Amino acid sequence: NRGLGNTVLRQIYSSSFKLGFKREIGKLTEEVKKVIISDEDLTFYINKRTLKDIKLFLETQFPKITILVTLRDPVSFLVSSYSQYIKTGGTAVFEPWCDATLSEGLFLPKLNIFSEIYGQRNIKIVSYRPDMIGRFGEFLGFDASLFAEVKSKNASLSSLGMTLLRNCNIL
C-alpha cells in the first residue's frame with residue numbers, strides 16, 4: 001500500500017497485480033511442482049484483511065500453501081530494518097525509532113496473525129543464518145551444495161551511511 005494514496009488506487013493496483021499473476025501462473029507447465037513467492041514487506045506492512053485477501057487469492061491458484069518464516073537475531077534485525085527505513089526516506093533517529101519498533105512487539109504479534117490466518121501447521125519457522133539461500137534451497141528439497149557459491153547482495157548501510165542518508169531525507 002506504500003505510495004498508493006487512496007482506496008481506488010489500491011484496488012486498481014491489486015486487480016492489475018492479480019491479473020498479471022494469474023497470467024504468469026497460467027504459463028507454468030504441469031512439471032512445475034512448487035512456486036516460490038518471496039516478500040519481506042509482508043512482515044512490515046501486514047494487516048489481517050490484506051493477509052486474508054492474499055490467502056484467498058493464493059488458494060485459487062495453488063492446492064497447498066506453506067509459509068516459511070525466517071527469524072533473525074533481534075539486534076541484527078533492528079539494524080537492518082532501520083537501514084531499510086532510512087533507504088526508503090525515513091528521518092527518525094535510531095533510538096526513538098528502535099523504541100517504537102520494540103513497543104509494537106518484534107516477531108510474535110506478526111507470527112500470531114500468520115498463524116491465525118494460515119494455520120500453525122502451514123507455517124515453518126527457521127532461524128536466519130548467513131547461508132540463508134542455501135537453507136531455503138534445503139527447505140525446498142535441493143542439495144545444499146548447489147548454493148555454496150551464492151552470496152547475499154543486500155547489505156545494510158554503515159552507521160555513518162545511515163546518518164548521512166537520514167540527514168538528506170530531512171532536507
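Among contacts in the protein chain between residues at least 6 apart in sequence, what share join residues at least 24 apart? The share is 71%, where a contact means heavy atoms within 4.5 Å. Before the close-ups, a quick word on what you're looking at. This is a predicted model, so local features need pLDDT of at least 70 and side-chain atom pairs count only at pLDDT 80 or more, while totals for chains, interfaces and linings use all residues. Residues are numbered from 1 along each chain as its sequence is written, and side-chain values use heavy atoms, with hydrogens and water left out.

**Figure 1. The whole chain and its confidence.** Start with the overall layout: the protein chain has eight helices and two strands. These are DSSP runs numbered from the N terminus, with helices being H or I of at least four residues and strands being E of at least two. Walk along the sequence and you get α-α-α-β-α-α-α-β-α-α. The chain's mean pLDDT (the predictor's confidence in each residue, from 0 to 100) is 80, and 88% of its residues reach 70 or more. Of the 171 residues in the protein chain, 23% are buried. Buried means under 20% relative accessible area, exposed means over 50%, and partly exposed is in between (1.4 Å probe, protein chains only). The chain exposes about 12300 Å², with carbon and sulfur atoms supplying 58% of that; the areas come from the Shrake-Rupley method with a 1.4 Å probe, and for residues only the protein chains shown count as cover.

**Figure 2. A nonpolar patch around V35.** Zoom in on the surface and you'll find L28, V32, V35 and I37 forming a nonpolar patch, with about 300 Å² of accessible area together. Patches are built from residues with over 30% relative accessible area and no salt bridge; like charges are joined within 9 Å, and nonpolar side chains (Val, Leu, Ile, Met, Phe, Trp, Tyr) within 5 Å. V35 sits in the loop between α1 (7-26) and α2 (41-44). V35 counts as partly exposed because its relative accessibility is 37%. Skip its neighbours within four places in sequence, and V35 touches I25, L28 and F62. V35 and F62 are 27 residues apart in sequence, yet their C-alpha atoms are 8.8 Å apart in space.

**Figure 3. Aromatic rings that pair up.** The whole structure holds 10 aromatic pairs. Rings of Phe, Tyr and Trp (its six-membered ring) pair if their centres lie within 6.5 Å; planes under 30 degrees apart count as stacked, over 60 as edge-to-face and the rest as tilted. Take F114 and Y118: their ring centres are 6.2 Å apart and their planes are at 20°, so this pair is stacked. Both residues lie in helix α6 (residues 108-118), four residues apart, which is about one turn of the helix. F114 is buried, at 6% relative accessibility, and Y118 is buried too, at 6%. Elsewhere, ring pairs link F17, F21, F57 and F62 into a cluster.

**Figure 4. Three salt bridges.** Side chains of opposite charge can pair when their charged atoms come close. A search of the whole structure turns up three salt bridges, each being a side-chain nitrogen of Lys or Arg within 4 Å of a carboxyl oxygen of Asp or Glu. K48 and E116 make one of them, with the closest N and O atoms 3.2 Å apart. This pair ties together distant parts of the chain, since K48 is in helix α3 (residues 48-61) and E116 is in helix α6, 68 residues apart. K48 is partly exposed, at 37% relative accessibility. Stay in helix α3 for E59 and K55, which are four residues apart, about one turn of the helix. Their closest N and O atoms are 2.9 Å apart, and E59 is partly exposed, at 40%. Finally, K27 bridges to E24, with the closest N and O atoms 3.1 Å apart. K27 is exposed, at 59% relative accessibility, whereas E24 is partly exposed, at 46%.

**Figure 5. N122 in its loop.** N122 lies in the loop between α6 and β2 (123-127). Buried or exposed, which is N122? N122 counts as buried because its relative accessibility is 15%. Leaving aside neighbours within four places in sequence, N122 is in contact with K64, I65, T66 and I67.
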